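Student: Could we go through this model together, one question at a time?

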Amino acid sequence: MLKTVIPAGYSPCLNLYDTQKAIGLLKRLFEDNLGGALHLRRVSAPLFVEASTGLNDDLNGVERAVSFDIPDAGRDAQVVHSLAKWKRMALHRYQFSVGEGLYTDMNAIRRDEDLDNIHSVYVDQWDWEKVLAPRDRNLDYLKATVTTIVAALADTQSTLRAVYPQLTPLPAIQREVSFVTAQELEDLWPELSPKQRENAWVKDHPTTFLMGIGAPLKSGKPHDGRAPDYDDWDLNGDLLVWNSVLGCAFEISSMGIRVSPESLDRQLTMAGCDDRRELPFHKMLLEGKLPLTIGGGIGQSRVSMYLLGKAHIGEVQASVWDKQTQEACRDAGVILL
C-alpha cells in the first residue's frame with residue numbers, strides 16, 4: 001500500500017543542483033554551530049559493530065539488524081541501527097572529561113522501516129554525546145541543551161536563507177521551545193493516538209520538546225518505544241517542529257540524559273531485558289565504569305527536508321524505494337535522488 005503523499009500544489013523551493021549544494025552547505029554550517037555550542041569534537045564512527053558486545057541499538061526490540069560474518073576475524077557483525085551506546089563507550093575509551101563531548105556522522109540501515117515521506121531504510125544522523133557531572137543529571141540541564149540545539153538550527157537556517165532567498169517563504173524556526181510531557185498530552189487527549197496528540201500540540205507550539213518517552217503512561221502504554229539501555233526514560237524526549245509542507249509534527253531529534261547504573265537496572269527489569277546484564281557494555285555500566293552522559297541523534301535528512309522545504313526524504317538522500325513510491329513521486333514531479 002502506498003504510504004507516500006505529495007501535498008497538492010507542492011513545488012520544491014530549489015532545483016536539483018541547488019538542492020545538492022544547499023545540503024552540503026547546511027551540513028557544514030550545522031556541524032560548526034552544534035560543535036561550537038555544545039563543546040563537541042568530531043570523531044570517526046563505525047558502520048558496524050560486533051553482535052556480541054551489546055553496543056547496537058535495539059530500537060523497539062523487533063527490528064532486525066543487517067548481520068554478516070567476518071571470516072578472518074572470526075566474528076559476527078551487525079550494521080548499526082544507531083550509535084547511542086557506542087558513543088558512551090567511546091567517551092570512556094578516549095578519556096573525555098566532564099563538559100567535553102563528541103559528534104560524528106552516523107550512517108545506518110534499518111531494513112524493517114516503513115517507507116513513507118519521512119522514513120527510509122537508510123538513516124543518517126549527527127550523533128553526539130557529552131560527559132556530565134552528577135549534579136547535571138536533571139531536567140534543567142536537559143532543557144538548556146535542547147534550547148542550545150534549537151538555536152544552532154535557527155542560526156543555520158538564517159545563513160541558508162541569506163544564500164538561497166528562494167527559501168524565505170518557509171516559516172522560520174521558532175527559537176522559544178515548548179516543553180511538555182507525554183503524560184500531559186495523554187491527559188489532554190486520551191482518545192487520540194500518540195501521533196495525533198503530537199500533531200494537535202505542535203500545530204500551536206511549532207517548536208516542542210516532548211519529554212518522557214519509553215515508560216508506560218497512566219494508560220499502561222508508552223507514548224513511543226525507546227530501548228531501556230541508553231536514555232533515562234524520566235530525562236529524555238523528542239524535538240518536534242511543525243512541518244508546514246506536510247502539515248504535521250516532524251521529529252528532528254531524539255535525545256536525553258543517559259541511564260545511570262540505577263536507572264539502567266530499573267529499566268532493564270521493566271522492559272523484560274534482564275538477559276542483557278551480562279553483555280560487556282551493560283556490565284560496565286551497571287558497575288559504574290562508564291561516564292554519566294547526555295546525547296542524542298539529529299537526523300541529517302530530516303533537517304535537510306525541513307530547512308529546504310522538501311516533501312519527501314528521497315529528495316535529500318539516495319535510497320531504495322518501492323515501485324508505487326517511485327511512480328507517485330514521478331507523477332508529482334518530485335525528483336528522488
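Tutor: At 0% relative accessibility, F30 counts as buried (under 20% relative accessible area, where exposed is over 50% and partly exposed lies in between, with a 1.4 Å probe and protein chains only). This is a predicted model, in which local features need pLDDT of at least 70 and side-chain atom pairs count only at pLDDT 80 or more, while totals for chains, interfaces and linings use all residues. Residues are numbered from 1 along each chain as its sequence is written, and side-chain values use heavy atoms, with hydrogens and water left out.

Student: Which aromatic pair does F30 form with W126: stacked, edge-to-face or tilted?
Tutor: Rings of Phe, Tyr and Trp (its six-membered ring) pair if their centres lie within 6.5 Å, and planes under 30 degrees apart count as stacked, over 60 as edge-to-face and the rest as tilted. For F30 and W126 the centres are 4.8 Å apart and the planes stand at 55°, and the pair is tilted.

Student: How many residues apart in sequence are the parts that this pair ties together?
Tutor: F30 lies in helix α1, whereas W126 lies in strand β6 (residues 122-131); helices (H or I, at least four residues) and strands (E, at least two) are DSSP runs, numbered from the N terminus. The pair therefore ties together parts whose separation is 96 residues.

Student: Is F179 buried or partly exposed?
Tutor: F179 pairs with F209, and because their centres are 6.1 Å apart and their planes at 70°, the pair is edge-to-face. F209 is buried, with a relative accessible area of 0%, whereas F179, at 25% relative accessibility, counts as partly exposed.
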